[in-house]
Amino acid sequence: MSIPDLKAVEKLIGSIFDLLFPVGDDLKTDKEIEADESLQFLLESILESLVKNKGLVTKKFLEKLPSTRKRLIKDAEFILNSDPAARDIVEVVSIYPGFYAIYCFRMAHCLGKMNVPLLPRIITEHAHSKTGIDIHPLASIGCPFSIDHGTGIVIGETTKIGHKVKMYQGVTLGALSVSKNKAAKKRHPTIQDNVILYSGCTILGGETVVGRNSIIGGNVFLTDSVPPFSVVYHKNEVIVRDHSKFNEPVNFVI
């Protein structure tokens, strides 16, 4: 195995996006997806140094594009319905970084499930560099899925995310330990259906489960499971200063 042409991979990502969502397309209408010979040749040239059966992998991947597009449209509609600032689905597909990261993930995940080495990580790291959203291609993410704002999100390799999950910026779904001998074990949490993860929350551990229909508030640090329909949040204490003596908290400002 040798390093594939990174510029060619970027071209592939853009070409597939243009194929799935061409300029002037009615995004809500089902359409036939048929890759031209140039796209097939581009993918095969990238796969040549990575797999022995490049033709078969290319064929199987391209055959999955219509169903992948349907999932991505559902993702875009969910983002649209979740964000009051979004005006229409075209806006979501064309400019939302969260949608772009989900697009790259779904492409990479498809290749990863076919045991293609390296390329899936290159695709998701491309999205990471563009959006600040780091999703491992072998994570399991249901549909629809919404990422709003997104910068700073980390979703680890063995994470399992259900359907209709909403996630905001700065969320970490990580491991309690980074020991190499635990690489084959489930190290990252499970997020069940209809969960909202607000900005800055951190959820760690392979046995940690966030039950369905739960809400995890901003900046929550969670290493234990919570049952369905839970609300987890920090309660801030507000003290109004007056003329009486007030002990300042110890803060270090650099």
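Guide: This is a predicted model, and the structure holds 1 cavity of 30 Å³ or more. About 40 Å³ of space lies in the largest cavity.

Visitor: What makes the lining of the largest cavity nonpolar, polar or charged?
Guide: The lining consists of Leu12, Ile13, Ile16, Met107, Leu111 and Ile123. Leu, Ile and Met count as nonpolar, and the tally is 6 nonpolar, no polar and no charged residues. Helix α1 gives the most to this lining, with 3 residues.

Visitor: Why is the contact between Arg106 and Asp75 called a salt bridge?
Guide: A side-chain nitrogen of Arg must lie within 4 Å of a carboxyl oxygen of Asp or Glu. For Arg106 and Asp75 the N to O value is 2.8 Å, so the pair meets the criterion. Arg106 belongs to helix α6 and Asp75 to helix α4, 31 residues apart.

Visitor: Are Arg106 and Asp75 buried or exposed?
Guide: Buried means under 20% relative accessible area. Arg106 has 8% and therefore counts as buried; Asp75, at 0%, is buried as well.

Visitor: How do you know that Arg121 and Glu125 form a salt bridge?
Guide: Their closest N and O atoms are 3.6 Å apart, and the cut-off is 4 Å, so the pair qualifies. Both residues lie in helix α7, 4 residues apart, about one turn of the helix.

Visitor: Why is Arg121 called partly exposed?
Guide: Its relative accessibility is 39%, which lies between the 20% and 50% limits, so the term partly exposed applies. Glu125, at 31%, counts as partly exposed too.

Terms used:
Residues numbered from 1 in each chain as written. Predicted model: local features only at pLDDT ≥ 70, side-chain atom pairs only at ≥ 80, totals over all residues. Heavy atoms only, no water. 1 Å grid on protein atoms, 1.4 Å probe; cavity = no way out; pocket = protein on both sides within 12 Å on 5 of 7 lines; lining within 4 Å. Points joined across faces, edges and corners; volume = space filled by probe spheres on them. Helix = DSSP H or I, 4+ residues; strand = E, 2+ residues; numbered from the N terminus. Buried < 20%, exposed > 50% of the residue type's maximum accessible area, 1.4 Å probe, protein only.
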